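I opened this model to look up its fold, its overall dimensions and one side chain. My entries follow.

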Amino acid sequence: MDLPADELVFLRDLVKASRQRVQHLTWTDRDGTKRLTAVTAAEGAKLQAIAQRLKLSREALLRQAAHIPVAPAKPAADAPATP
């Protein structure tokens with residue numbers, strides 16, 4: 001395939017993740033909405049490690065993570081600077 005390197009990495013990771021057993025986590029979002037999040041085994045293990053370190057359940061950790069603000073988007077390098 002003739003694709004940029006970042007797209008090849010994305011596709012490889014997507015295929016790799018689809019071959020793994022998926023874990024489903026049910027948790028409640030900050031607005032009270034029930035959520036179902038599918039994570040790979042590696043993501044589940046990392047989530048579990050963080051939750052244990054903070055002495056939280058994985059579900060409680062996801063609820064707290066829902067309050068993390070989204071980072072502002074970086075301006076494109078080729079975009080003209082505003083005066």
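In what order do the elements of the chain run from the N terminus on? I read α-β-β-α-α, that is, 3 helices and 2 strands. Helices (H or I, at least four residues) and strands (E, at least two) are DSSP runs, numbered from the N terminus. The radius of gyration of the chain is 18 Å, well over the 12 Å that the globule rule gives for 83 residues, so the chain is more spread out than a compact globule. That radius is taken over C-alpha atoms, and the rule is 2.2 Å times the number of residues to the power 0.38.

Notes on the source: the model is predicted, local features need pLDDT of at least 70, side-chain atom pairs count only at pLDDT 80 or more, and totals for chains, interfaces and linings use all residues. Residues are numbered from 1 along each chain as its sequence is written, and side-chain values use heavy atoms, with hydrogens and water left out.

Next I looked up the extent: the C-alpha trace spans about 45 × 40 × 25 Å along its principal axes. I noted that 12% of the 83 residues count as buried (under 20% relative accessible area; exposed is over 50%, partly exposed in between; 1.4 Å probe, protein chains only).

Last, I picked Glu-43, which sits in helix H2 (residues 41–54). Glu-43 is partly exposed, at a relative accessible area of 43%. I found its side chain 2.9 Å from the backbone nitrogen of Thr-40. Between the C-alpha atoms of Glu-43 and Lys-74, 31 residues apart along the chain, I got 26 Å.

Conventions
A polar contact is a pair of N or O atoms within 3.5 Å; within protein, one must be able to donate a hydrogen and the other to accept it, and residues adjacent in sequence count only if both atoms are side-chain atoms.
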